Amino acid sequence: MKRKKMIIGATIVVVLALIYWLSSGGTSDSQSILVAAKKGDFKITVTTSGELEAKSSLKIYGPQGLQQVGIWRVNIEDIIPDGTLVDSGQYVARLDMSEISNKIKDKETELEKLETQVTKTRIDTSIEMRAARDELLNMRYSVEEKKIILEQSKYEPPATIRQNEIAFEKAERALEQAVKNYQLKLQKNRASMQDVTASYDQAKRQLESFVEVRNQFTITAPERGMLIYRRNWDGKKMGVGAQISGWDNVVATLPDLSKMITKTYVNEIDISKVKVNQKVDISIDAFPDKKLSGVVTEVANIGEQLSGASAKVFEVTIAVNEFDSILRPAMTTKNVIITAVIPNQLYIPIEAIHNSDSITWVATGKKRRQVLIGETNENEIVIRKGLKEGEQVYLTLPTGAEKWPIEKIEE
C-alpha cells in the first residue's frame, strides 16, 4: 500500500513538472543549443534526389520483323520478375501470340487455295496444249494430203489443177497460222502458270516468315546478368500487359552494373550553378551509411515540366566513381552537387542568423551581435564580419533574447 502511494506521488510530481515546462514555452536558456563559428573551405551546393541506372545496358529485343508481317504492337503476356539474375539462353518473357497465330492460319488457308489453283492451272494448261498439238498434227496431215492431190492432178484440166493448188495453199496458210497461234498459246499458258506459281511461292515465303517471327515470341536472355524492366515514356515499368512496338521492340535490359550513373533533375533557379565536371557527394537512401562520390557529366540545355512540378527542371547526369555490388538500378540517391568551394571562410548554421530593424545579428553571451553575411549554401552562411573562429552563438534563441541589447559593428 505504501509503495503504491509512493508511485502515485511520483507520478503527480512528473505531471506537474511537465505542465510547468509546457506553460513556460518548453524552452529555457539551458536548453538553447550553442554552436561554434567554424573556419575552413565553404562549399556551395545544390542537393537533389536522383535514381541509379547503369551507364550502359544490353537490350533484350523482341521479335525481329514485326512490321514486315503487319504487326504494329504486341502485349507482354508473361515476364520473369524485375531484378532476376539470368543466365545466357534462360527464359525471360513470352509475348501474346494471338494476332500472329491468326495471321498464320489465314496464310495457311490462302496457301491451300493457291496450291489448288496451281494444280488446276497446270492441268488446264496441259489439256489445252495437248489439244493444240493434236490440231497441228492433223493440219500437217491435211497439208500433205492436199499436196498429194495436187501432184496427182497434173494431167487434169487446168481448172482442176488450179483448184487443187488453191486448196494446198490454204492448207499451208492454215498450218502456218496454227503454228503461230500455238506459240502464242504456249506463251500465254506459261505466263499464267508462272503467275499462279509466283503467288503460291510468295504466300509460302510469307507463311515461313510468319512462323519464323512467331518462334521469336518466346524471349531468352542473350547474356548472363540482372534483368531490369524497361520503362515507358511515362516512367512506368513494362511488366505483364505492357506493349512493345514493331519499331521499338525492346522487352527488357541487362545493365552493366560495374559502371553506374544517377539521373536527377535540378530546379531552373539553381541550374545556372551546375556545370559539367563538378564533384558530387552521393548517398543511397536504402543504405544511409554508404557514401559515394561522383562527377557531373551532362547538363540538359532545355528544361522540361515534370508531372506534379510547378517549375521547370533540367536533367543532370552524374557518373558514380565507385563500384559496389549492393548498387542496383532504380535505387534512390541523394546528390549533393558541389558548385563552388570558397577557401578560408568563417561560417555558422543559417538557423543562427536573425534580422530586426534591417540589422542582421546573432545571439551570443547575453547580447545580440550584428554580423555581416556572405555566401550561403543549403545549411550554412558565411560571416564576413562580427564573429571570430570558435565563438559560440545560439542556434535556438533563449527566452527573451529578442530584448537583449544589440552590439553593432564599428565602422
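Guide: Let's start at Arg 230, which is partly exposed with a relative accessible area of 23% (buried is under 20%, exposed over 50% and partly exposed in between, with a 1.4 Å probe and protein chains only). Before going on: this is a predicted model, where local features need pLDDT of at least 70, side-chain atom pairs count only at pLDDT 80 or more, and totals for chains, interfaces and linings use all residues. Residues are numbered from 1 along each chain as its sequence is written, and side-chain values use heavy atoms, with hydrogens and water left out.

Arg 230 makes a salt bridge with Asp 248, and the closest N and O atoms are 2.8 Å apart (the rule asks for a side-chain nitrogen of Lys or Arg within 4 Å of a carboxyl oxygen of Asp or Glu). The pair links distant parts of the chain, 18 residues apart: Arg 230 is in the loop between strand 9 and strand 10, while Asp 248 is in the loop between strand 10 and strand 11 (strands are DSSP runs of E, at least two residues, and helices are runs of H or I, at least four, numbered from the N terminus). Asp 248 is partly exposed as well, at 31% relative accessibility.

Leaving aside residues up to four places away in sequence, Ser 245 touches Leu 66, Trp 72 and Arg 73 (contact means heavy atoms within 4.5 Å).

Now for the strands on either side of those loops. Strand 9 and strand 11 (residues 250-255) pair antiparallel over two bridges (pairing needs at least two DSSP bridges between the strands), and Tyr 229 has Ala 252 in strand 11 as its bridge partner. They belong to an open sheet of three strands with the order 3-11-9 and antiparallel pairing. Strand 3 (57-61) and strand 9 (228-229) are at the edges with a single partner strand each, so one side of each has no neighbour in the sheet.

Glu 110 is partly exposed at 34% relative accessible area, whereas Lys 107 is buried at 11%.

The side chains of Glu 407 and Arg 369 meet in another salt bridge, at 3.4 Å from N to O. This pair also links distant parts of the chain, with Glu 407 in strand 23 (residues 406-407) and Arg 369 in strand 19 (residues 367-370), 38 residues apart. Glu 407 counts as partly exposed at 36% relative accessibility, and Arg 369 as buried at 12%. Here salt bridges that share partners join Arg 369, Glu 391 and Glu 407 into one network.
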